[in-house]
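My entries follow the structure.

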Amino acid sequence: MLDLASGLSQADIMTAYHFSFCGTQCAALPSGALHLPDHDVLCVSDLHLGKSERIARRSGVMLPPYEVRETLEKLQADIAATRPTQIICLGDSFDDLEAAARLDEEMLLWLAQLQAGKTWIWVEGNHDPGPINLGGTHRSEIKIGTLSFRHIATAMTAEVSGHYHPKHRVAGRSRPAFLYDDCRLIMPAYGAYTGGLVSLTPALRQLFMRPPIAIMTGHKAIPVPVP
Amino acid sequence: MSDLPPLFTDWFKTRGWTIHPHQQHMLEQATEPALMLIAPTGGGKTLAGFLPSLIELADGQHKGLHTLYVSPLKALAADIKRNLRTPVTEMDLPIRIEDRTGDTTYTQKRRQRADPPHILLTTPESLALLTSYEDAPHIFKGLQRIIVDEIHALAESKRGDQLMLALSRLQTLAPGLRRVGLSATVEDPDAIASELARHPDPCTIINADPGPDPDISMLVTQEKPPWTGGGAKYAIPAVLEEVKKHKTTLIFHNTRAQAEIFFHNLWLANTDDLPIGIHHGSLAREQREKVEGAMVAGDLRAIVCTGSLDLGIDWGDVDLVIQVGAPKNVKRLVQRIGRANHRYNAPSKALLVPANRFEVVECVAALEAVKAHDLDGDPKGPGPRDVLCQHILITACAGPFDADALYQEIKTVGAYRTLSRAAFDDCLDFCATGGYALRAYDKWKRLLQRADGLWQLRDPRAAQRIRMNIGTIQDTDTLKVRLKGNFKPLGEVEEAFAATLTPGDTFLIGGQVVRYENLKEMTVEVSRRADKTPKIATFMGTKFANSTQLSQRILRMFAQTNWPELPAHTAEWLALQRQFSKLPEADRILVESFPHEGRHHICIYGFAGRNAMQTLGMLATQRMEELNLHPLGFVATDYATLIWGLDPVYDPAPLLQPDNMRADFETWLSGNAVMKKTFRGAATIAGLIERNLPQARKSGRQATFSSDILYDTLAKYDPDHLMLRITREEAMRGLVDFGRIEEMLTRTAGRIDHVKLDRVTPLSLPMFLEQGRIAVAGAGQDRILEEEAARLMQEAGVATL
């Protein structure tokens, strides 16, 4: 059950949802990050950093250019609370490779500070398929304990993936949500400017053998069965 | 040009007409730079507007566009085209007349730009689009007159501001341009006239004979109006009787959903198979056109409609107007009544049908106001800056521009006459760079200043996207509805409504019950059902706030000892309220508290209009949240706010304490749903959010993220950003309407009556079926969500996997 020695702050024990997935202890944080206390791993998916830059470049529409700091601020808080040794960014960390190359100095520095002293894994996604000129290791997938981490779900079991930006609606409130069953776990999008895919859409549902559990993000991670 | 030429005199004679005095006056003053005619419907208003153009064009000398006619409705443009054909054909005038709206074909639009007709009939949006083309100077060269029809309706909204900005552009392209406005009766003609004229030109106002007072009364039915609800189902038999007694009846509703439900019920009761149609803005164009055609041909005995039929379309021989639901605003009621009986100098006939007991009171108050010629209206603020931002982008689409010249041009628009250079530069900077404190877009600016000082689009291809998003009409995201396996759309529903549907649900659209099947590429697929009781269509239509004047009349009525002017059932209801609780008074705030269905409720009667009462709900629930009273949600009507929560409120005074409210207001402004909604509107108009994208959305996947996120981000990192300043100012006037809360606080000066009861009171009853409930996203909501999730987990037997 709860491992008070794992370095979780009191607040996180209160608001995270702890569960066992394919033999690995997991904590779904209300921010949308996944913590593996036994492995000191923190995983986040679909940051889409540089989205506003990419939209301006491609369409001329200039969204508030603050999504990178908003996302890094959230990530910094989760890192401080969970003190992981390894961080996995599970793909689509950047809205495209050019956006990654164009991050401004201040954000690069901030990212470097977050990376300092940690093993940082960039898992590639469909938006950021190539290597990026930032610290950390670039991988197509990675195994941690019993689990494998990749961006888009495959037929494999014991798999953690992202890509779909799942959301779920309970009591009239729709929120980004983790979805999981015995075989796979799909992470919500962590980035500030990300939309969502409703948990009931066929594209998402067909990935699960039976109705999954949704873990709602928000003030507190709350599990709820998907009908 | 004061006399009618012989050709026209003869034509009037063959028709058996004489020229109306106001038509003569319009002709005499046709050379004035700005002219506004105020006339009731049926007074030959349109002909009065067009007569000078027809005369000027009669000799066939003018080349190109001579007169531009702008109306708020596409249907109106089509209607006018039909009506103008008569004089042009009968006098054999060498005049080409065409319309240009969102419905005009691509080929015809291309041709119109190359070879414009003499008279072009259009809408403000289509006109704005025309001014965005590089060949605008060619199109508008030689333009002599612009006729703005139903200017009173346009002047109330941002569409009017956009139109007047477009006019300033046209005036530069065609300096001899004369402006003509046609208006229904309004409370402040001078205000509209000063918006029409080029500032500081004067505007001559011509008043036509207003005609006799309308014959207007409340429909008396055998059946009593229900305590609650907006359907007016009880009145169906009586309404059918009236339809039978008259030639053609228009049946107006305040919302589209109400119109749908009423139409459905009307058909179920229509055993004589009277031809009755439905017309509202959510219906597919084909369906609307079919109804319009049938109406003009005289094939329909009645038409159930909303504001989309509100304007001066000539629907032939309408001899009765029925208004279902309280009219909310006396001016609009008078204008609607004007729809009936287009014979000049015959009184229009209208019936009011209250949907519930409270509306009986509202209807009687409105009737008294009509008799007293007491029109209502609030003065408009200065020209909105989001519309200005869009205008700058439109200007950039047409080609490089000089900022100084553009600023001077904009200052000739009445609504923008006080615009400071700094405010203009703010808008220009927003269009060029996004206007962020963090200057992030140096490389990807939308507008660039060239070496010669002119401004232009960085990427000319951006013009296409800007053009696709022209317009200021605030529509919620809607999805098309169509029958499975059929391409013809039935109409549209709001995205939020579609999201609540699960396969098998039934709802009403276009008067038929359909079953929701699935969502396919952002289209709602349905099948036909013979069911009689659908799940209600909740697409909303516009909800209007009761005017201050009408609210005051109602409060004065409550002060009476008895109500001989009200039907017995309503008088009894008010007496019951007085017996069990209290009736609200003009100089006090009444607060009732009672339990209902396991929740604690308080009902605050402030009579400040729907928008202000909604704001009151926001502020009161925020204070309740701070007091740990776990508010869950609220609903507001024109007269009251009903709040429910997990804990009882023992003392409402702190919730309504003026200093608390003003302080809370500032905090609250930064993070609430109404602000987000207002922001969405302003940001869409200003070009920060695109409504339409070059490729239609394929699926909901990652496609759009909520504008709420943009709002939250800006509020956090860039609180002084132009869009937030616009949002704040607008919300104060419009959806937030804090002005009327201040008015209520002054009027009641802290005098609060708290009545504690053990059950729902007569006067609060209607609140319980009111739509538009707003959930409070606070600790109470989290508690419910957690409880609900735990219950579902337990039920599913999957506490852990």
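**Entry 1**

I began with B:Lys582, which counts as partly exposed at 28% relative accessibility. My cut-offs: buried is under 20% relative accessible area, exposed is over 50%, and partly exposed is in between (1.4 Å probe, protein chains only). The model is predicted, so I note its limits: local features need pLDDT of at least 70, side-chain atom pairs count only at pLDDT 80 or more, and totals for chains, interfaces and linings use all residues. Residues are numbered from 1 along each chain as its sequence is written, chains are lettered from A and ligands numbered from 1 in the order in which they are written, and side-chain values use heavy atoms, with hydrogens and water left out.

B:Lys582 meets B:Asp753 in a salt bridge, 4.0 Å from N to O. The term means a side-chain nitrogen of Lys or Arg within 4 Å of a carboxyl oxygen of Asp or Glu. B:Asp753 lies in strand β25 (residues 752-756) of chain B and B:Lys582 in the loop between α22 (568-580) and β21 (589-596), so the pair ties together parts 171 residues apart in sequence. Helices (H or I, at least four residues) and strands (E, at least two) are DSSP runs, numbered from the N terminus. B:Asp753 is buried, at 14% relative accessible area.

**Entry 2: other charge pairs**

I searched the whole structure and found 47 salt bridges over all chains. One of them joins B:Lys158 and B:Asp386 at 2.5 Å, N to O. B:Lys158 lies in helix α9 (residues 158-173) and B:Asp386 in helix α16 (residues 385-398), so this pair ties together parts 228 residues apart in sequence. Both residues, B:Lys158 and B:Asp386, are buried.

I also looked up B:Arg450. Its salt bridge is with B:Asp452, the closest N and O atoms being 2.8 Å apart. B:Arg450 is partly exposed, with a relative accessible area of 31%.

**Entry 3: helix α2 of chain A**

How many of the 9 residues of helix α2 (residues 51-59) of chain A are buried? I found 7, so the helix is largely enclosed by the rest of the structure. Among the buried residues are A:Glu53, A:Arg54 and A:Arg57. A network of salt bridges links A:Glu53, A:Arg54 and A:Arg57 with A:Asp95, A:Asp96, A:Glu98 and A:Arg102. The cover over the buried residues of α2(A) includes α3 (67-82) and α4 (97-101) of chain A, together with α19 of chain B. After α2(A) comes A:Gly60, with a positive phi near 85°.

**Entry 4: where the chains meet**

I counted 47 residues from chain B and 46 residues from chain A in the contact. Contact means heavy atoms within 4.5 Å. The two chains bury about 4100 Å² between them, 65% of it on carbon and sulfur atoms. Buried area is the accessible area (1.4 Å probe) that two parts lose on being put together, summed over both.

The rule finds 2 salt bridges across this interface. I looked up A:Glu73 and B:Lys716, whose side chains meet in a salt bridge at 2.8 Å, N to O. On the chain B side, α18 (421-433), α19 (462-468), α26 (707-717) and α29 (779-796) each supply at least two residues. The largest share, 9 residues, comes from α29(B).
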